[in-house]
Amino acid sequence: MGPIKTIKKKKRAEKKVDRNVLLAAAATSASAAASANDDGDDDSSQSLDWWDGFSRRISGGSTDPKTFESVFKISRKTFDYICSLVKADFTAKPANFSDSNGKPLSLNDRVAVALRRLGSGESLSVIGETFGMNQSTVSQITWRFVESMEERAMHHISWPSKLDEVKSKFEKISGLPNCCGAIDITHIVMNLPAVEPSNKVWLDGEKNFSMILQAVVDPDMRFLDVIAGWPGSLSDDVVLKNSGFFKLVEKGKRLNGEKLQLSEKTELREYIVGDSGFPLLPWLLTPYQGKPMSLPQTEFNKRHSEARKATQMAFSKLKDRWRIINGVMWMPDRNRLPRIIFVCCLLHNILIDMDDQTLDDQPLSQQHDMNYRQRSCKLADEASSVLRDELSNQLWGKNSSA
């Protein structure tokens with residue numbers, strides 16, 4: 001069984017994000033957004049900065065930047081950049097979006113509604129009451145935003161054309177050479193009627209109805225590859241083997257870069273690391289399981305754990321900041337949910353690409369899947385097991401001689 005709905009046109013953008021382009025866009029987007037923002041507003045509101053007027057409705061009139069950041073969990077610079085991304089879609093096909101008083105909603109108003117819905121996870125009724133509009137308007141604006149971000153922000157999730165920097169950072173963090181990423185899965189919990197027989201496939205090992213998000217992450221917690229939509233009942237290895245990432249690697253289109261010579265007979269290809277829920281493969285190294293362990297095996301697991309922290313932190317940050325996918329989703333549209341999850345991943349990457357450190361000083365949740373027990377996969381490629389042993393022995397030898 002495949003994902004409920006794949007991300008449309010996901011393969012279109014494989015280009016690397018140019019940081020200078022992002023910074024330039026951020027610098028100019030405020031004025032660009034302002035020009036579109038005034039559509040339908042009266043003269044008095046046009047004379048004010050958008051946040052001045054908007055904050056009066058939702059936070060008692062405060063225009064302090066920290067108030068803006070607490071409401072939207074991003075900086076004003078990032079907000080303006082996001083407005084510039086979706087501007088064409090929100091203005092090309094005008095919709096009769098207005099508040100409860102009949103006042104047309106500007107571009108910034110609409111983006112604010114969508115970001116608040118995704119960021120807070122509050123119900124449509126709460127968002128509508130806060131922003132002064134009906135529930136259907138909140139729902140339509142949020143979905144329009146999701147569709148636009150899929151189309152306009154796709155370049156913020158792409159596999160790097162060069163992995164030298166990624167490998168260097170992983171080696172600095174963990175000591176593991178030639179490592180290109182860390183893979184993990186997390187569950188998006190849903191509230192579904194248990195009486196429907198077709199819903200049993202969504203029932204995971206912890207007796208929750210959930211949807212799986214699988215991601216490969218770099219050392220900076222940036223998502224390099226994501227897939228969402230698989231039922232929570234499926235094991236990590238089944239999701240992996242049915243993912244586009246697995247097929248690309250098996251075809252030699254990913255993790256196909258320079259190899260390292262471990263010994264006269266053994267080469268270490270590019271690889272990623274994953275927990276014990278994944279199979280041990282030539283390009284996916286998992287930790288040793290069982291006890292007792294040798295000193296080299298214990299040392300390898302320690303280094304392996306350090307490398308995998310990137311995924312754990314990325315998922316925790318994703319769920320902490322975009323709370324629509326945290327907690328329990330109430331009767332979600334299972335065709336739309338994978339796309340909402342994907343856009344939250346896009347927004348996560350945009351904050352990294354924009355060097356947006358808003359709320360970074362706040363502690364992260366300890367786990368992204370609270371109360372979920374670690375599953376174990378016993379599938380192991382024999383040659384990969386030998387390779388892992390040789391790598392472990394080399395790493396232990398270096399550690400002992402240091």
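Tutor: First, a definition: helices are DSSP runs of H or I with at least four residues, numbered from the N terminus. Note too that this is a predicted model.

Student: In which loop is the place of Asp-355?

Tutor: Asp-355 follows helix 13. Its phi is positive, near 55 degrees, and it is not a glycine. Its place is in the loop between helix 13 and helix 14 (382–401).

Student: Is Asp-355 buried or exposed?

Tutor: The cut-off for exposed is over 50% relative accessible area. Asp-355 has 54%, so it counts as exposed.

Student: Is Lys-73 buried or exposed?

Tutor: Lys-73 also has a positive phi, about 65 degrees. It lies in the loop between helix 4 (65–72) and helix 5 (76–92). Buried means under 20%. Lys-73 has 14% relative accessibility, so it is buried.

Student: How many residues of helix 13 are buried?

Tutor: Helix 13 spans residues 337–353, which makes 17 residues. The helix is mostly covered. The buried count is 16 of 17.

Student: Which residue in strand 3 is the bridge partner of Val-216?

Tutor: Strand 2 (residues 209–217) and strand 3 pair in the antiparallel sense over seven bridges. They form a hairpin with five residues between them. In strand 3, the partner of Val-216 is Asp-225.

How values were computed
Residues are numbered from 1 along each chain as its sequence is written. This is a predicted model: local features need pLDDT of at least 70, side-chain atom pairs count only at pLDDT 80 or more; totals for chains, interfaces and linings use all residues. Side-chain values use heavy atoms; hydrogens and water are left out. Two strands pair if DSSP finds at least two bridges between them. Helices (H or I, at least four residues) and strands (E, at least two) are DSSP runs, numbered from the N terminus. The expected span of a helix is 1.5 Å times one less than its number of residues. Buried means under 20% relative accessible area, exposed over 50%, partly exposed in between (1.4 Å probe, protein chains only).
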